[in-house]
Amino acid sequence: MLWLSICHTSDALDPVVANRQPWANVKSFWRFCKLYGDYQATPPSLRRRFIIKIEQDRAQAKSCSVSSQ
């Protein structure tokens, strides 16, 4: 059931659905699970670099979104 609700999207409903609390919770939980799984799959010696790369990507995405506004 959850998979079907994630797969079906509509461009017209995206702004409405994205702002609804349950959908936002599911999306953030999904992102967390993916990030945590990727972190656990990374060898312990490379985990520090993995976190640094994620932080750099977030900072770059934030600076790009601010400069485009």
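Start by selecting T42, which sits in the loop between α3 and α4; helices here are DSSP runs of H or I with at least four residues, numbered from the N terminus. This is a predicted model, in which local features need pLDDT of at least 70 and side-chain atom pairs count only at pLDDT 80 or more, while totals for chains, interfaces and linings use all residues. Residues are numbered from 1 along each chain as its sequence is written, and side-chain values use heavy atoms, leaving out hydrogens and water.

T42 is buried, at 12% relative accessibility (buried is under 20% relative accessible area, exposed over 50%, partly exposed in between; 1.4 Å probe, protein chains only). Now show D38: its backbone oxygen lies 2.7 Å from a polar atom of the T42 side chain. Not counting residues up to four places away in sequence, T42 touches R47 and F50 (heavy atoms within 4.5 Å).

Next, pick R47 and Y39. The charged end of R47 sits over the Y39 ring, 4.9 Å from its centre (CZ of Arg or NZ of Lys within 6 Å of the ring centre and within 35 degrees of the ring normal). Y39 itself is partly exposed, at 26%.

Which rings pair up here? There are two aromatic pairs (centres within 6.5 Å; planes under 30 degrees apart are stacked, over 60 edge-to-face, the rest tilted). F32 and Y36 are stacked, because their centres are 5.9 Å apart and their planes at 20 degrees. Both belong to helix α3 (residues 21-41), four residues apart, or about one helical turn.

Finish with Y39 and F50, a tilted pair at 6.3 Å and 50 degrees. Y39 lies in α3 and F50 in α4 (residues 47-68), so this pair ties together parts 11 residues apart in sequence.

Note on methods: Phe/Tyr/Trp six-rings, centres within 6.5 Å; stacked < 30°, edge-to-face > 60°. Helix = DSSP H or I, 4+ residues; strand = E, 2+ residues; numbered from the N terminus. Polar contact = N/O pair within 3.5 Å; in protein donor to acceptor, adjacent residues only side chain to side chain.
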